[in-house]
Amino acid sequence: MNHLFFLDHTDTRHPVYRQYEQECLDLLYQAGVLLREGEYTMSEKLYGKSLRLTVEGEFTTHQVTALHGLRQIYAEQRQTVKFKAICTQLCKAEQLLQIELEAGHLFWEAKMLMAEQVRVRQTLLQKLPELMAKMEGHYRKNPTFRIYDYLYKLRLMQQELVGDYEGVIRTTAASEKLYQQGKLNARRFDRRYNMYYSVYAYFQARRVHPGLKLAQEYLNAFHRSSGNWFVFLELYLLLAMHAGDYRHANELLSMAFQNPFYAQLRDSAHQRWELYRAYHHFIDPENSPLRGLHFTQFMQTLPDYSRDKQGLNVAILILQFLHYLRLRDVEALLPRLEGLRKYASNHLRNPAAQRTRLFFRLLQLTVKENFDVRASTRKGQALLTRLEQTPMPGEAFAGVEIIPYENLWQQTLQILQLPTEGR
């Protein structure tokens, strides 16, 4: 805990606002200590400096704190003129802070719903237009960076949920343009957020090769000790998997698991990375560091369905089915076939889940045709064509495809051509 006072906040890989805000916090702390010790002259200078920095950085909360300190100094020293001027400034700052707090309530309500289960996230779509209208009203009256940031992220959230990835590209491009024109506070706007969402949009729009190039270029902008580094690397890995560059994907997996900060990630993140590694091993076992026995044990411990793995359930069901299909383990395969039917019936009724339903039907076809590759290929062609014509859904409706269903179907057909494996 003592070492927290000596952290380096000036590292350019940290969020851009961090060093500026920390400078304000340091000055406010020092000024407050001096004020409590009765040292008004030095305290006034430090509060004055912090006030200038908070105004430049649009840190309204800290601006109010600085003004409170100055008000106390001028009141106790009976400096009437300065006291009145500070009170006028403080009144405006507190009014602005109240508006920013209201905007924050709107944003964090949406953020909380976004973090919920897939079904709950869909309800967020109904609330977002109203939330955004209120936020836009706040921004028109008070165009501060904090409110802009809330509005900007809400817009990205809405576009992400409905799958409007071209819209995400336009939104991030517009923000970058505003930044280049000097219309966004350079002490607050973190371009790495734009970097992430730009690459994410390319991934979801199936522009995997341009996205892969951008991801490689942007990775060093993220500090490897931060959660954002892992989030961006996760996206980078998915681009490599979708591009079929499994050797590169293996390198990215190694980077994640060898990072000493991996242990600090949440359990949900660990589960995703383990599932990515299992998919990679399944699709490219020769270049995977994962041993076959470890993979088999992992497959046996995966639940068929789990409420705490809402975003991973589809990927888990598919990998389990393909694993037992490769083994030709009919005894284990038939329950999973029934599991696909039940899951689709109970959880994939929304039109946006069309891709997953189609792929489930393709997988079911392999058993129905008694593992005959020719019959499965012929009878699955119509389903495959529909699958290729169906766009990927927004995040409100389904988990991400770790490997595109079209590629997995080709892998499935290759499995049908092989004899039973003993892996």
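These legends describe close-up views of one predicted model.

Local features need pLDDT of at least 70 and side-chain atom pairs pLDDT 80 or more, while totals for chains, interfaces and linings use all residues. Residues are numbered from 1 along each chain as its sequence is written, and side-chain values use heavy atoms, without hydrogens and water.

**View 1. Helix 8 covers residues 191-204.** Helices are DSSP runs (H or I, at least four residues), numbered from the N terminus. The end C-alpha atoms of helix 8 are 20 Å apart. R206 follows helix 8, with a positive phi near 65°.

**View 2. R192 forms a salt bridge with D190.** A salt bridge puts a side-chain nitrogen of Lys or Arg within 4 Å of a carboxyl oxygen of Asp or Glu. Here the closest N and O atoms are 2.9 Å apart. R192 is buried at 10%, and D190 is buried at 18%.

**View 3. R341 and E338 pair within helix 15 (residues 330-347).** Their salt bridge is 3.1 Å, N to O. The two lie 3 residues apart, about one turn of the helix. R341 is partly exposed at 41%, as is E338 at 34%.

**View 4. E401 forms a salt bridge with R355.** The closest N and O atoms are 2.6 Å apart. The pair links distant parts of the chain, 46 residues apart. E401 and R355 are both buried. A network of salt bridges links R206, R355, E401 and E406.

Note on methods: The expected span of a helix is 1.5 Å times one less than its number of residues. Buried means under 20% relative accessible area, exposed over 50%, partly exposed in between (1.4 Å probe, protein chains only).
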